[in-house]
Amino acid sequence: MAQFVDWDLAAATAGALSKSGPAVSYEEATQVVAQLRELTDEAAGHVAAYTGLTAQVEAAPVRIVDRKDWAAVNIVGLKEVIIPLVTRLSGDKQPGAVADAIGSRVTGVQAGTVLAYLSGRVLGQYEVFSTEPGQLLLNAPNIVEVERKIGADPRDFRLWVCLHEVTHRTQFTAVPWMRGYFLGEVQAFVDASQSGEHILERLRRGVATLSDALRDPESRSSVIDIVQTPAQKAVLDRLTALMTLLEGHAEFVMDGVGPEVIPSVESIRAKFNQRRESGNPLEKAIRRLLGIEVKMRQYAEGHKFVHGVVERVGMAGFNKIFSSPLTLPRLDELGDPDAWVARVHGPVGLAT
């Protein structure tokens, strides 16, 4: 099978292009790592008490990473998705050895460029592709850099970030079927792909588009439009609904717990939201192409949906959403909490 990405080159490129982190002494770096581990444990208690969700599997300890490590972990995860996809799309067709080598190296550099950009922005992540049941990553340099930029109290800001990311870990470890369902939908997306060399070329153009955005902030292309086939739209709608729910739930929990345990939470939220919305035209173009703009909308739309459901049926009633894939919200229900409540709880639930 043709190698779509030179993964070693992608890792090397991401490491070489990643921005250097904020200046910290060895002692300070050690303190940051230790405190993030401590606050992760504290956040776990708060999240469990607030949501009523308890992990059903053994969760691995939090992994504190730098930007290079974050990129390396995500390359492992990407390989789990991309290799089966390319195998399906390429079939038995084999390009020439030279074309294969050149193409994979070009795509490797482009993928590494994208990961380098993201590695300088992501604060935390629950990564589900590379290990079971997944692993919680906290990007220490980015957390320190952002807390300094917005003038936040370090402990308050770190706990605030931990609340969000631990909620994601809880979603995947307290709901036994969640990881399998998510990976199954990703596989369904792959299975809905068309075969043929022209689709592989579309994928290459998708990666190139992201990389080229660094030089062309006026681009209006969408990477989803480039790689998506009509057969994949239904799967993508389900994935969008799921991710909007998970992001909105994490935002709802961190805002619900925050006022009780983080004295400066209102200031942090206001400054952080302002940071999310700001950015020069180049930054905004890259965020749109990488799907970060979509993710930002998911925060707001998902938070509004979760708040609406909890307001109607309480937290225990909301948790019925995790009963099975059939009780997850449909895409059109995200803007209509009453519709979800009526479908899952029935008229009695809606009346309360």
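1. Leaving aside its neighbours within four places in sequence, with which residues is Ser-119 in contact? The residues are Ser-18, Arg-67, Trp-70, Asn-139 and Asn-142, where contact means heavy atoms within 4.5 Å.

2. The model is a predicted one, in which local features need pLDDT of at least 70 and side-chain atom pairs count only at pLDDT 80 or more, while totals for chains, interfaces and linings use all residues. Residues are numbered from 1 along each chain as its sequence is written, and side-chain values use heavy atoms, with hydrogens and water left out.

3. Ser-119 belongs to helix α4 (residues 97–119), helices being DSSP runs of H or I with at least four residues, numbered from the N terminus. Ser-119 is buried, at a relative accessible area of 0%, where buried means under 20% with a 1.4 Å probe and protein chains only. Its C-alpha atom is separated by 8.3 Å from that of Ala-14, which lies 105 residues apart along the chain.

4. The axes of helix α2 (residues 26–51) and helix α10 (residues 233–261) come within 10 Å and cross at roughly 105°; axes are lines fitted to C-alpha atoms over the stretch in contact, and angles run from 0 to 180 degrees between N-to-C directions. The two helices, α2 and α10, are therefore roughly perpendicular, a term that covers 65 to 115 degrees.

5. On the α2 side, His-46, Val-47, Tyr-50 and Thr-51 meet residues of α10 that include His-249, Phe-252 and Val-253.

6. In α7, the buried residues include Met-178, Tyr-181, Phe-182 and Phe-189.

Notes. Buried means under 20% relative accessible area, exposed over 50%, partly exposed in between (1.4 Å probe, protein chains only). Angles under 35 degrees count as roughly parallel, over 145 as roughly antiparallel, 65 to 115 as roughly perpendicular and the rest as oblique.
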